[in-house]
Amino acid sequence: MNFDETTLTEAAVARLSQCEDPRFKQIMSSLIRHLHAFVRDIEPTEEEWFNAIRFLTETGQRCDDKRQEFILLSDTLGVSMLVDAINHRNPAGTTDTTVFGPFFVAGAPDIAQWGNIAEGLPGTPCFVSGTVRDTDGNPVEGVAIDLWQTDGIDGLYDVQTPDGKMFGRGCVKTDAQGRYAFRTVKPISYTIPSDGPVGGMLRKMGRHPWRPAHVHTMLQREGYRAITTHLFVKGDPWLQSDAVFGVKDSLIVDFVDQPPGTTPDGGRSDVAFSVAHYDFTMARA
Ligand code: BEZ
Ligand code: FE
């Protein structure tokens with residue numbers, strides 16, 4: 001009763017006294033304290049507070065099975081990368097992780113070595129290969145590597161296109177020597193969806209919505225710590241200012257442009273193509 005500026009925070013925290021879940025209690029106490037500290041810090045007008053509530057409401061209203069505006073919010077405020085960093089304090093030498101993003105779709109088709117995840121897609125043909133090893137340098141066989149990316153011209157994921165037909169996705173398994181190889185189109189930089197409240201927020205903050213060109217990879221094998229990461233294209237102009245803070249030096253890969261001719265899979269290309277090599281390192285679970 002008679003709560004005021006000086007007593008409200010402790011009163012709200014005290015209402016958790018009957019909470020039986022200790023972790024939930026810890027999280028909610030911290031949330032209340034930080035939220036109250038934030039409000040004390042900015043001293044919002046009632047109009048500003050209502051705008052904040054409207055922004056969060058609109059963010060929720062923009063979420064459906066294809067669009068996840070709250071993930072975009074978390075990503076663009078750097079929170080997703082902070083959660084990633086806290087949860088992947090992996091042993092030295094392990095491949096760096098980065099943001100998962102909102103465009104993963106489960107159930108992508110399995111592809112053979114040198115299978116094409118971008119069959120028929122516009123863009124520069126691209127050949128990516130490398131190995132997966134453990135932290136002692138031994139090849140790891142049977143790692144499922146999920147791959148996903150945009151097309152090579154419009155920079156859209158399949159789920160962003162009107163017909164939603166699957167493209168730019170596949171899952172390749174490492175062989176007995178830990179090798180993997182796939183074909184795709186050379187990734188290009190693209191903008192994260194910016195026609196919703198998060199886009200408005202970015203503009204108001206004086207920020208751009210660009211992500212540097214990348215292929216998403218997710219490596220999984222029983223007995224090993226999973227790795228969710230990207231391979232970024234060296235030289236991309238947005239590497240320094242990725243809208244979601246996902247770039248790490250160790251993930252920047254030389255995609256070497258080649259003239260028409262023999263391709264790394266032993267075939268031929270009549271058009272210029274690009275070749276990239278990247279070796280992953282996984283730690284045991
Ligand atoms: C992505 O790389 O697919 C992505 C990541 C964060 C926000 C939007 C897109
Ligand atoms: Fe992406």
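Tyr-190 puts a polar side-chain atom 2.7 Å from an oxygen atom of ligand 1, a polar contact in the sense of two N or O atoms within 3.5 Å. This is a predicted model, with local features needing pLDDT of at least 70, side-chain atom pairs counted only at pLDDT 80 or more, and totals for chains, interfaces and linings using all residues. Side-chain values use heavy atoms, leaving out hydrogens and water, residue numbers run from 1 along each chain as its sequence is written, and chains are lettered from A and ligands numbered from 1 in the order written.

On its own, ligand 1 has 270 Å² of accessible area (Shrake-Rupley, 1.4 Å probe), and the protein covers 100% of that.

As for where it ends up, ligand 1 sits in the largest cavity. A cavity here is a set of points on a 1 Å grid over the protein atoms alone where a 1.4 Å probe fits but cannot get out, and sitting in it takes more than half of the molecule's atoms within 2 Å of its grid points. Helix H4 (69-76) and strand S9 (214-220) are the elements giving two or more residues to the shell; both are DSSP runs (helices H or I, at least four residues; strands E, at least two).

In total, 13 residues surround ligand 1, with Asp-75, Tyr-190, Arg-211, His-214 and His-216 the closest; being near means having a heavy atom within 4 Å. By class, the shell splits into 7 nonpolar, 4 polar and 2 charged residues.

Definitions and conventions:
A polar contact is a pair of N or O atoms within 3.5 Å; within protein, one must be able to donate a hydrogen and the other to accept it, and residues adjacent in sequence count only if both atoms are side-chain atoms. On a 1 Å grid over the protein atoms alone, a cavity is a set of points where a 1.4 Å probe fits but cannot get out, and a pocket is an open set with protein on both sides within 12 Å along at least five of seven lines; lining residues have an atom within 4 Å of a point. Ala, Val, Leu, Ile, Met, Phe, Trp, Tyr, Cys and Pro count as nonpolar, Asp, Glu, Lys and Arg as charged, and the others, Gly among them, as polar.
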